[in-house]
Amino acid sequence: MTDPHDHDTPRPPGLPELRHRLAEFAAARDWQPYHTPKNLVAALSVEASELLEIFQWLTPEESARVMDDPDTAHRVTDEVADVLAYLLQFCEVLGVDPLAALAAKIDRNELRFPVPEPPGE
C-alpha cells in the first residue's frame, strides 16, 4: 500500500490540468463543432447509463463488492472517467466552474436539510 504523503509517488493531475488536456484533445481532432452543450449533455447521459448498467441487476451487497472483481472494477473506473470527462467538457463549453457549483450546492443543501436535533434536547 502506498503512502499518500510519500513524495516519490506522482501526484494525480488536478482539475484545471485535466480540463486543459480534454480541450486540447478535442481541438487536435477538430471536435469543437460537435461539442455543443446539447451533444455533451447527451453523451454524459449515455455514459452515466453505461455506469448504471454495470449495477443494474446487482443486489445491494453485490454492488458494494463490485470493485473486488478486477474486470468489473476496470469497467467501473472507465465509465467513471467517461462521465467525468463529459461533465468537465460540458462545464468548459458553458463556463461553469464545477467545483464552485458543487460548493454552492452543498451550502444550499446544508441550509435546506439541517442536522436534526438529538432526541430529548
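A: Let's start with Arg19, which counts as buried because its relative accessible area is 16% (buried is under 20%, exposed over 50%, partly exposed in between, with a 1.4 Å probe and protein chains only). Keep in mind that this is a predicted model, where local features need pLDDT of at least 70 and side-chain atom pairs count only at pLDDT 80 or more, while totals for chains, interfaces and linings use all residues. Residues are numbered from 1 along each chain as its sequence is written, and side-chain values use heavy atoms, with hydrogens and water left out.

Arg19 sits in helix α1, and leaving aside residues up to four places away in sequence, Arg19 touches Leu88, Cys91, Glu92, Val96, Asp97 and Pro98 (contact means heavy atoms within 4.5 Å). The helix itself covers residues 15–28, so 14 residues, and spans 20 Å from its first C-alpha to its last, close to the 20 Å expected at 1.5 Å a residue (that is 1.5 Å times one less than the number of residues; helices are DSSP runs of H or I, at least four residues, numbered from the N terminus).

Several of those partners belong to a helix-helix meeting. Leu15, Arg19 and Leu22 of α1 meet Ala85, Leu88, Gln89, Cys91 and Glu92 of α4. The axes of α1 and α4 (residues 70–94) come within 10 Å and cross at roughly 85 degrees (axes are lines fitted to C-alpha atoms over the stretch in contact, with angles from 0 to 180 degrees between N-to-C directions). That makes α1 roughly perpendicular to α4, the label for 65 to 115 degrees.

Now for the other end of α1. Phe25 and Trp31 make an aromatic pair, edge-to-face, with 5.4 Å centre to centre and 75 degrees between the planes (ring centres within 6.5 Å, using the six-membered ring of Trp; over 60 degrees is edge-to-face, under 30 stacked, the rest tilted). Phe25 is partly exposed because its relative accessibility is 39%, and Trp31 is partly exposed too, at 34%.

Finally, Asp30 follows α1, in the loop between α1 and α2 (37–55). Its phi is near 55 degrees, a positive value in a residue other than glycine. Most residues other than glycine have a negative phi. Asp30 counts as exposed because its relative accessibility is 54%.

Methods:
Helix = DSSP H or I, 4+ residues; strand = E, 2+ residues; numbered from the N terminus. Parallel < 35°, antiparallel > 145°, perpendicular 65-115°, else oblique.
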